[in-house]
Every structure is written in structure tokens, then in C-alpha cells.
Amino acid sequence: MNKLFYYVKSFMLWELLKGMALTGRYMFARSITVHFPEEKTPQSFRFRGLHAQRRYANGEERCIGCKLCEAVCPALAIHIETEERDDGTRRTTRYDIDLVKCIFCGFCEEACPVDAIVETRIFEYHGEKRGDLYYTKEMLLAVGDKYEAQIAKDRADDSAYR
Amino acid sequence: MINIEIDGKHLEVENGSTVIEAAHDAGIYIPHFCYHKKLSIAANCRMCLVQVEKAPKPLPACATPVAEGMKVFTASEQAVKAQKGVMEFLLINHPLDCPICDQGGECELQDLAVGYGGSASRYKEEKRVVLPKDIGPLVSAEEMSRCINCTRCVRFGIEIGGQMELGQAFRGEHAEIMSFVSGTVNSELSGNMIDLCPVGALTSKPFRYKARTWELSRRKSVSPHDSLGSNLAVQVKDNRVMRVLPIENEAINECWISDRDRYSYEGLNTSDRLTKPMLKQGGQWQEVEWQVALEYVANGLRQIKSGAGAEQIGALATGGSTLEEMYLLQKLLRGLGSHNVDFRLRQADFSADGKQAGVPWLGTSVAELNKADRFLIVGSFLRKDHPLLAARIRSAVKHGAQANIIHSADDDLLMKISNKSIVAPSAMVASLAEILQALATEKKVAVDNSVQPLLQGVAASATAQAIAKSLASGERGVILLGNFAQQHPQAAQLQLLAQNIAALGNAKFGFLGEAANSVGGYLAQAVPGASGLNAAAMLAQPRKAYLLLNVEAELDTQNSQQAIAAMQAADMVVCMSAYKHQGVEYADVMLPISPFTETSGTFINTEGCVQSFKGTVKPLGETRPAWKVLRVLGNLLKVQGFEFDSSEAVRDEALNGVDVLSKLNNSLQGLTVQTVSTTGGLQRVADVPIYASDAIVRHSAPLQATQDAMAPCALMHSDEMKKLGVKSGDLVKVNVGQGSAKIKVSADDTLPDGVVRVAAGHAATAGLGAMFGSVTVERV
């Protein structure tokens, strides 16, 4: 009996019709394609994109050169050199993140005691040469300066869940 | 021995030891801050509180002596509660900003706070603030708010360093560590306070904020700066030496190192490092390839050998060169047919050569110095020349030993000196003879015939008798000849007298080795032997070619003016050096060789301990290890037996499998004694300041910023200054031999009459003649 039912189903192309029905349903459903870059998907305030170095409101860089981010980085993407500044504080003379190595795990951000290194919502950056993705301290600070308002808002939103 | 129980473990411990010692010996850790095994007990941090059965309250383990049947619980509820309470109190005033602190990652407080601290602070009130202090160029006291008042630094100063340069002032909440008396910490051992400080209050100034402890790799090395051979941990990041710490070795440096060993690394990467071989052509220095430079040297040596004879070639090495370097240098010279090789650059009297039964050494082990009960220290700037040996002798004196000194300067040795005889250099032999005379009378025995000529007409003074009495009353006496005695123009006579005093007084007798490889130099045969010229003769009878290994001729020799003249007269001077130094004026070739951090090698310390080490970083630029340079030079000159492929192979050939200790012997036989008539007038007393002892130290900026590295003055007794009509601070012209120098004069009433103390080894006095002998001082 089962065998007979199987033959009937095969000759009537039942599976094909079932598949085509699904396709047909999507022909009339609302499209979910995002037309990037004209359209963008919503992002969480915890989005981990391009890194930035932040400053305090008075313009002082936040980073104190404690090197915890360098120590915690699982991809060894961060390289820091520090020295004593004239005012007796430790400051970085070099703070590089190799974005080619970075796996965007966000550990650096978690380790930072002063919220200096953060990951922003930016993901649409590119480099034409390999070296373009080697971000130095100046580049990171520039990112921070440009997006400070958004960065600060994201930290504030996230703080409720910590 | 008594029986106790710690955490249920039955232990048999020494009577009189403390609970913390017993626990640590048994491998049970008790948290602590103020306790340190080398320092006295303060019991002021209270971190080591433990529960003791039948005791109503927790007791501090560091200050509680063990008692029969004692039951101790280090991790019971009561003990842990007490320890956590103490930690909370300690953290009340301690800043909680570990990421900023330079000690972060190697901080005892940070480590223990993980186990005993709360996750959040309950303290909401204001924290105590202690103002930062400037205590000198080596130790940073910028963060004194971090201090937990354990007083380890204070106790170190008093007990090991010998002087209380840091102290705790005020009481209670206002208590703070500060320097007083001088304002800065000038001890030659001050860096150890940084290691002792359990928090980030005292940190290394040159290293401050340069790197974090977890970034550094730790490599073993041996100090090249003094004859103790302190064990070092060289910490390296990115192929650069970042700092140097001690490695504990109870037999040698205990857990300390001197500031010279600790901070000399700052001289390793200075801009005046020589990084490419250089040739002088037509009066102009040119950087060349190694091949070119070495072939130039080989050709030059070949020409001089065939033209003027091999004996016109001389080689000088510093005592801080490794065994391998010195061995290959002498092998090269001997292969060329010359025996003119020496490393005893500051020695003036070579009459003991050939009469010495073996290699001169300390005469006892370093650790035995702590147990000696009588010392006679002849001619030594002990604290500055041998900072850690001085600390050992200081510790012996503290435990009841008597120290007697004979010297030409009365520097404060920071220990109780029982008797001292401060005489002009020319009177040192007589002064020692007096002691021998007095000791012979005391013991009622006759002195050996060989020294009889020195005793003629000698009448023992009261001081000499007191020293003789002191030596005679001891059981474990040690007689030590310091650097000054070894550089003395009658060094062999001093040695002979000391040997006889030691024989009469049943004491040990030895030399405080002048440099890291003073023993190694002899074992490497870097001495001329019967047919060669020694260091002094090589400079007095100028040679046509000189090979200089690590030597800066004007700073590292007995007679700087003669050395410069000899170098300038030579046809070819080859400087193998890590630095571009004054040598550029007289050298023809500068070959960049590696300092101790960049080469493998061996130092044999003054007690005969053979310590080999490996390079810790790659050679800078085109610098090469000197043993490789000498090996290639040997190959180019076709000298036999230069097929070495490692420094270990060189060492094994140099030591030839013999037991080093069997070669050490201070005995001097068959010396013909000639009494020297002294001329009147002023005599020079020359010390080599602690931070002028070798090239690396001289290039270390933090060390050069210390008080010990101040430009040398002409120090004189104020009576002598009155005769001259000068006062302290005046500029005077000092003439020694044919050289002169204009330096400031300063009064030092501890100096004997008729002497002027002018340091050697410094650029300001580099043109002067011999380190001993007559000197004239003129007003300018």
C-alpha cells in the first residue's frame, strides 16, 4: 500500500509542487533585503567594530599605558610603548592595533580600566594596502574624536546592564 | 629541636626560630609584608596573623617564636578573618589604581589582595596623601601614598647598607617614610630597597614607566663590574635590556646586588656605542665592513712582526673581559711570537710575578667572610670597590667581629672599626711591618727571614700593637689586600708582610679581586710570563702596535699620561671596544665588540667560582662578541689552534679540565725585598670611583648623576691647604708625572698629612701620571 502511495506521489511531482509553493509564497511576501549602503540594519550599542581611543572632556587622552589590553589580547594585535611624560604620568609613545590580526573579541575594551580603548559601531572601513589596516595612536584618537558623542552614548546605554 | 604542628603537619624545627620561618621551611605559605628573611623582625604589618591553639587572639607568625607542642593554624576561620581584616585596613589608605602604578603585576599587596581583599571597598572617607619625594637619581619615591609603612627599606638601610638614609617620621596616620640628614639616598646598595618594597612606593627611577613586568623575559647573567660575580637576572623586551635584578645566590650575592650592577645597563644602549668597524684613513674615520677592518689589522700586525719583530706587539685587556676573550687574546699574541699581554692595568709592582705559588684570590670563600671574627683590611676603598663584600664584613662586625684597617684614606665604611692606621701610601709597608713586629712580640715567635729586612728599625706603635692584639685574640682571622694595596708600588712587599702576619696570627690571607675576572685573567694566561712585558713595562717602553681589549687607555691604566703617550707613539692601535671613546684620537682601527649582555662568556670570581653566562640580547648593530673577533683574527693570521665554534669550547680549552680551586694560591716565596727611600713632598692617593670602574658604568647616565660620580676634587688636609694658601672650592693645578689637570680643591681632614687624593678613571684627571707617587699642587 505504501509503495503504491509512493508511486502516485512521484508521478504527480508532489515534492516539486511543495517546493514551488514555498517559492511562490515568498514572491508575495515583504522583502527583507537591505539595500546597503542606502539602507542599514539596526545595531546594538554593544556592537564591536573599529577601535577608537577616547579623550576626557578636557582633551586629555584617557589611556594611562597600563598595557592590560596588550596583555589580554588573544590575537597579539596590540603593541604599546610607554614613557613617563613631563608631568610624571605614564603615557603611551606608541599604541598600535593591527586590525588584520584583530578578531574583534572586545577583550581590550573589557580590560581597559579607564574606558580609553573602545570598539565603535563602525564596520565600513577598508584598506587598500595591508598597511592601511595598521592603526596607530593618532589614527585611533582621530576615530575617537570624530565619534565621541556616539561612543559616549553607547557606554551610557550599556551601563544599565553591567 | 622542638616539635610543633602547623596546619596539622608535624614539624621538627630549630629552637628559637619563628612560626613563619618554620612554616616557610615546610612549604606552608603565610601571607606577609614587613617580614623579610634577611632583615630584623618589625611585626608592624600584621598580615601574618595566625591562630595558635590556646592563644586567645591571633598572633603574628613573624614575631612568635615556636614552642614545644605548639599547634598553629594558618588558614583557620579565625586566622583568615584576621588576615582579611588586616588587608582591609591596609587598603584603606592605599590607592586602588593598580593600572597606573609601576609595581602593578609584581606587587605583593596586589597579589595578596586577590586572596584576602574584598571585592569592593567599604571605605568612603578621604584617603591619606603623602607627598612625593626626590631621593636621588636611582630610586623613585614619587608615589609615597602607596607606602604601607612596612619599614623594610628603613631596616635595610640600617642593617645591610649600614646607614639610616630613610626613616619613618611622625606617628599613626601621619607616619611616613622620608629621607633625612642628606635629603638623598646615596648608599651604593640603595637599589635593593626597590626589590624589598612590597608595594609601588619605591620604584626604579630609570625604569619608571618603561615596561610592565609581564612583558619582560628574564635571562641569567653575571655581573662584570666587581670581583664578586653577582648573579643577575637581565630583563629584556624587544631585544633591549630594560632592567637588571638580582638572582638569589646565598654563596655569592645573597639576595642583593649593588647599584653599579643594577643600573649599569643604562649604559648599554647609549648613542656613543660603537656599532660598525671603523678605520682611520688620512686622519678621517670611516665606517668599513668587518672583513676590511680585520684584514687591515691582520696585515698591520704581519708587517710589524716582520719589520720590527713580534715583541713590538703588545696586548692589554681589562680585568672585566671574559675568560674566553682573554684566553684568545693571549693565544693570538703568543701565536704571533709575542708574550706582551696583561690584564693588570692598574698594577704598578710586578715583582711578585714568577714568585707567586698560584693565582692570587680571596683566600677564603665569600660566605666565610660572614663567619670571620677578625679582619685586617689593607688598602681598600672597601665600600666603593666591593659594595657587597663590604656588606658581608659589616654583617660580621655587627655580630662581634673586629675590623682593623690600614689605608691612606679614612672613608666611612659604615661599620665599627676597632683600630685604624691611616698613613701616607709610602708609609703603608712600614705600618704593616709594625703590625708584624707587634704580633711576633705578642705571640713570642720569630718572624720569617724573608721579611727581616722590612722590619729593620721598625718600632711598633700603639695602634699597631692594638691591631696585633686584636688579630692574636681571634680564631678566624682574615687579612685582605684591597685594590689600593694591589695597585701600590710596593704591592709585593705588602703581600709578603700580610702573608707573614696571617701565618703568625693563624688567619686566612687573600686579595679582594680588582675586577670581575681577576682570577680568570691568570687562568686564561693573560699575563706575560718570564719572557714578556707586563702592563706597566709595555707602556713605559712603547710598542709599535697595541691591541686593546675593552681598554680605554687613559682611564683604565695605572699611569694615564704614559698610556696616552705610548698609544700616540704607536704605529698601530687596535681598539676593541663597545664604545666610541677617547681612543678615536690615537687608534687606527675601532672594532665594535659586545658588552657582557650581548656575548656568552665566563667570569671567575675572587673566590674561584667559575660562572659562565649566555648572551641576553642580540649584539647591537654590527657589534660582534670579542671571542669571535679574536678567533677570526687568529684565522686570518694563520695562528694554529683557532678552530673554535663556541665560547664553551674556548673556555674548556682555557681551563683544560683542571680544578680551578687547586690553582689558587696566594703564597709568595723568594721575593728579594728592597726598601724604597721615600722622597719628601706631597704624595698622590688615587681611588677609582665606584662609577668610573669600567666603560659600561661610565656610560650609565643615572649612575653618573649620583653623588659618587661627581667630578673628582683634589682632596687635602686643611693644614696642607693653608700652607698652599687655597680654600675649598678653589681651582688648582695638580701635577703628577708630566701630566697636569685643573680641578677644584676640597678639604678632607681625615686624610693623613702629605697626601693629595685625586681620583683616577675620570676624564677630568685622565692626563695625570701614575696613581701613586709624588704630586704637586699649584694655585691657579
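Solution: B:Gly337 takes a positive phi of about 100 degrees. Before going on, two notes on the ground rules. This is a predicted model, in which local features need pLDDT of at least 70 and side-chain atom pairs count only at pLDDT 80 or more, while totals for chains, interfaces and linings use all residues. Residues are numbered from 1 along each chain as its sequence is written, and chains are lettered from A and ligands numbered from 1 in the order in which they are written.

**Exercise 1. Find out how confident the predictor is.**

Solution: Begin with pLDDT, the predictor's confidence in each residue, from 0 to 100.
- Chain A has a mean pLDDT of 93, and 100% of its residues reach 70 or more.
- For chain B the mean is 94, with 99% of its residues at 70 or more.
- Helices (H or I, at least four residues) and strands (E, at least two) are DSSP runs, numbered from the N terminus.
- For the complex, the predictor gives an ipTM of 0.85 and a pTM of 0.92.

**Exercise 2. Describe the side of chain A that touches chain B.**

Solution: Start with the count: 11 residues of chain A are in contact with 9 residues of chain B. Contact here is defined by C-beta atoms, placed from the backbone, that lie within 7 Å. Next, look for elements of chain A that give two or more residues to this side: they are α3 (68-72) and β2 (78-84). The largest share, 3 residues, comes from β2(A). Finally, sort the residues of this side by kind: 5 are nonpolar, 2 polar and 4 charged. In this sorting, Ala, Val, Leu, Ile, Met, Phe, Trp, Tyr, Cys and Pro count as nonpolar, Asp, Glu, Lys and Arg as charged, and the others, Gly among them, as polar.

**Exercise 3. Is B:Ser227 buried or exposed, and is B:Ala462 buried or exposed?**

Solution: First, the rule: a residue is buried if 20 or more other C-beta atoms lie within 10 Å of its own, exposed if 12 or fewer, and partly exposed in between, with C-beta atoms placed from the backbone.
- B:Ser227 has 29 other C-beta atoms within 10 Å, so B:Ser227 is buried.
- B:Ala462 has 9 other C-beta atoms within 10 Å, so B:Ala462 is exposed.

Then place each residue. B:Ser227 lies in the loop between β11 (217-222) and β12 (231-237) of chain B, while B:Ala462 lies in helix α13 (residues 462-473) of chain B. Leaving out residues up to four places away in sequence, B:Ser227 touches several residues, including B:Leu512, B:Glu514 and B:Asn605. B:Glu514 is 287 residues from B:Ser227 along the chain, yet their C-alpha atoms are separated by 6.2 Å.

**Exercise 4. Check the span of helix α8(B) and its surroundings.**

Solution: The expected span is 1.5 Å times one less than the number of residues. Helix α8 (residues 323-336) of chain B has 14 residues and should span 20 Å, and its end C-alpha atoms are 20 Å apart, which agrees. Now count the buried residues: 12 of the 14 are buried, so α8(B) is largely enclosed by the rest of the structure. Among them are B:Leu323, B:Glu325, B:Lys331 and B:Leu336.

**Exercise 5. Work out how β1(B) pairs.**

Solution: Take one partner at a time.
- β1 (residues 2-6) and β2 (residues 9-13) of chain B run antiparallel, joined by 5 bridges. B:Ile2 has B:Val13 as its bridge partner in β2(B). The two strands form a hairpin with 2 residues between them, and B:Asp7 in the turn has a positive phi of about 50 degrees.
- β1(B) also pairs with β5 (residues 71-73) of chain B, in the parallel sense over 2 bridges. There, B:Ile6 has B:Val72 as its bridge partner.

Note on methods:
Two residues are in contact if their C-beta atoms, placed from the backbone, lie within 7 Å. Two strands pair if DSSP finds at least two bridges between them.
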